[in-house]
Amino acid sequence: MLTALGISQIYVLDQDQALDFYVGKLGLEVGTDADLGFMRWLTIRVPGDPDREILLERPGSPALNEDTAAQVRDLLTRGAAGGTLFFRCDDAYKTHAELKAQGVELSEEPEDRGYGIDFGLRDPFGNAIRIAQLKGS
């Protein structure tokens with residue numbers, strides 16, 4: 001029986017640029033950064049949550065042939081690759097202001113949506129990100 005979700009994956013075009021964004025601007029931390037020879041295994045995670053990681057994977061071998069990887073890169077840059085990350089925070093307004101001060105391009109202002117206050121943005125590659133302060137948090 002399944003007991004937990006350990007690693008989720010999104011595609012990024014440049015892993016170093018992804019590190020700059022996710023670690024340098026959003027404040028996540030590196031889980032694993034390993035050269036496996038055939039690929040770089042690069043995971044990030046929310047500080048204090050070592051059980052869940054996000055694999056930042058470049059589209060290509062070994063998972064994808066070059067034709068498929070090119071299609072994924074194209075979809076990614078259009079914001080249509082389907083990757084969405086949902087993060088929680090304690091104070092959506094404060095988090096929004098902190099990210100703005102870090103130079104993160106924010107596509108939405110925080111808004112009360114009934115379940116809580118949230119806002120959205122995209123990473124430098126087109127992946128959607130939602131950040132929410134849930135009711136009662």
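I take a salt bridge to be a side-chain nitrogen of Lys or Arg within 4 Å of a carboxyl oxygen of Asp or Glu. The model I consulted is predicted: local features need pLDDT of at least 70, side-chain atom pairs count only at pLDDT 80 or more, and totals for chains, interfaces and linings use all residues. I number residues from 1 along each chain as its sequence is written, and side-chain values use heavy atoms, with hydrogens and water left out.

**Entry 1. Salt bridges**

I searched the whole structure and found 13 salt bridges. Side chains of opposite charge can pair when their charged atoms come close.

I looked up arginine 73, whose side chain meets that of glutamate 66 in a salt bridge at 2.4 Å, N to O. For accessibility, I call a residue buried under 20% relative accessible area, exposed over 50% and partly exposed in between (1.4 Å probe, protein chains only). Arginine 73 counts as partly exposed because its relative accessibility is 26%.

I then turned to arginine 52, which forms a salt bridge with aspartate 49 (3.8 Å, N to O). Arginine 52 is exposed at 54% relative accessibility, whereas aspartate 49 is partly exposed at 24%.

Is aspartate 118 buried or exposed? I found that aspartate 118 has 3% relative accessibility and therefore counts as buried. Its side chain meets that of arginine 113 in a salt bridge of 2.3 Å, N to O, and arginine 113 is partly exposed at 33%. Both residues belong to a network of salt bridges that links Glu108, Glu111, Arg113, Asp118 and Arg130.

**Entry 2. The open sheet and its helix**

I use helices (H or I, at least four residues) and strands (E, at least two) as DSSP runs, numbered from the N terminus. Two strands pair if DSSP finds at least two bridges between them.

I examined an open sheet of 4 strands, in the order E1-E4-E3-E2 and with mixed pairing. Which strands stand at the edges? They are E1 (7–11) and E2 (29–35); each has a single partner strand, so one side of each is left without a neighbour in the sheet. Neighbouring strands of this sheet are turned by 25° against each other on average, direction ignored.

I noted that E2 pairs with E3 (residues 40–45) in the antiparallel sense over 6 bridges. Aspartate 35 stands opposite arginine 40 in E3. Helix H1 (residues 15–25) packs on the sheet and touches E1, E2, E3 and E4 (53–57), its direction making about 10° with that of E3. Here, contact means heavy atoms within 4.5 Å; axes are lines fitted to C-alpha atoms, for helices over the stretch in contact, and angles run from 0 to 180 degrees between N-to-C directions.

**Entry 3. An aromatic pair**

I count rings of Phe, Tyr and Trp (its six-membered ring) as a pair if their centres lie within 6.5 Å; planes under 30 degrees apart are stacked, over 60 edge-to-face and the rest tilted. The structure holds 1 such pair. Phenylalanine 21 and tyrosine 22 form it, edge-to-face, with 5.0 Å centre to centre and 90° between the planes. Phenylalanine 21 is buried at 6% relative accessibility, and tyrosine 22 is buried at 0%.

**Entry 4. Glutamine 133**

I located glutamine 133 in strand E8 (residues 128–134). Glutamine 133 is buried, since its relative accessible area is 17%. Leaving aside neighbours within four places in sequence, I found glutamine 133 in contact with Cys89, Asp90, Asp91, Ala92, Gly116 and Ile117. The side chain of glutamine 133 reaches the backbone nitrogen of alanine 92 at 2.8 Å.

Definitions and conventions
Polar contact = N/O pair within 3.5 Å; in protein donor to acceptor, adjacent residues only side chain to side chain.
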